[in-house]
Amino acid sequence: MNRRIYIVLLITLLLTFKMDLFGQSTGKILKVLSKEMNVSKSDIELDEVEADAALTEKIGAVYSYQLKGEKQGYVIVANGMGRYDEFSFFLLTDLDKSTQMVRVVKYISDHGGEITSKKWLNQFQGYKGGTLKYGDDIQAISGATLSASSITNRIHEIIDLLNSSDL
């Protein structure tokens, strides 16, 4: 009997955590997108997309996004790893799966926070697959090597997975 109660509580906590995580991410995504695009949050709609197993294994969520009712592309929520802590970011693509924007939405580590800079993240704009090497294609950041390398590798991986998916 006690075991069943613990299992139910654990499942409830996990479901609550998942909904809270993606609810917060979605709210933050809408806030960032509306500010960057200079439109009202009500003009942007995110719809969760059923992605294939290879993609969902590697990311948090995939959303299609519409601007004033017209489908524009995809928003991918994913995580990267710094030296000690995980961070969360989203990647916005157009319908051709070309990177339009990358923004870090949660970064808690004491070091490497330079990867949250819009100027540095704008280097990924237009990336649609192929080689993407930190230090060559993407400018290195002193003091943020692990985080910057991680997000570079994750973006490369995500775009490759998107390009091979049926989205």
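Two residues are in contact when heavy atoms of theirs lie within 4.5 Å. Among contacts in this protein between residues at least 6 apart in sequence, 46% join residues at least 24 apart. The model on screen is predicted.

**Whole chain**

Start with everything selected. The protein has 167 residues, and 41% of them count as buried. Switch to a cartoon view to find four helices and five strands. Followed from the N terminus, the elements come in the order α-β-α-β-β-β-β-α-α.

**Colour by confidence**

The mean pLDDT is 85, and 85% of the residues reach 70 or more. Helix H3, residues 118-121, has the highest confidence, with a mean of 96, while helix H1, residues 2-37, has the lowest, at 60. Within residues 6-23 the pLDDT is below 50, and this stretch has three contacts in the model beyond near neighbours in sequence. Where pLDDT is low, the predicted coordinates should not be read in detail.

**The sheet**

Now select the strands. They form an open sheet in the order S1-S2-S3-S4-S5, with antiparallel pairing. Which strands stand at the edges? They are S1 (44-48) and S5 (99-106); each has a single partner strand, so one side of each lacks a neighbour in the sheet. On average, neighbouring strands are turned by 25° against each other, direction ignored.

Zoom in on S4, residues 86-94, which is joined to S5 by six bridges, the two running antiparallel. Show Leu 91 here and look for Val 102 of S5 standing opposite.

**Two loop residues**

Next, select Asn 38 in the loop between H1 and S1. Asn 38 is not a glycine, yet has a positive phi of about 60°. Move on to Lys 97, in the loop between S4 and S5. Lys 97 also has a positive phi, near 65°, and is a residue other than glycine. Lys 97 is at 8%, and so falls under the 20% limit for buried residues.

**Salt bridges**

Side chains of opposite charge can pair when their charged atoms come close. The structure holds four salt bridges, and the tour visits some of them.

Select Glu 36 and Arg 103, whose closest N and O atoms are 3.3 Å apart in a salt bridge. Arg 103 belongs to strand S5 and Glu 36 to helix H1, 67 residues apart. Arg 103 counts as buried at 8% relative accessibility, whereas Glu 36 is partly exposed at 30%.

Lys 118 is partly exposed, with a relative accessible area of 40%.

For the last stop, select Lys 58 and Glu 157, a salt bridge with closest N and O atoms 3.5 Å apart. Lys 58 lies in helix H2 (residues 53-58) and Glu 157 in helix H4, 99 residues apart. Both are partly exposed, Lys 58 at 38% and Glu 157 at 24%. Finally, show Glu 36, Arg 103 and Lys 118 together: salt bridges with shared partners join them into one network.

Terms used. Residues numbered from 1 in each chain as written. Predicted model: local features only at pLDDT ≥ 70, side-chain atom pairs only at ≥ 80, totals over all residues. Heavy atoms only, no water. Pairing = 2+ DSSP bridges. Axes fitted to C-alpha atoms, helices over the stretch in contact; angles between N-to-C directions. pLDDT = per-residue confidence, 0-100. Buried < 20%, exposed > 50% of the residue type's maximum accessible area, 1.4 Å probe, protein only. Salt bridge = Lys/Arg side-chain N within 4 Å of Asp/Glu carboxyl O.
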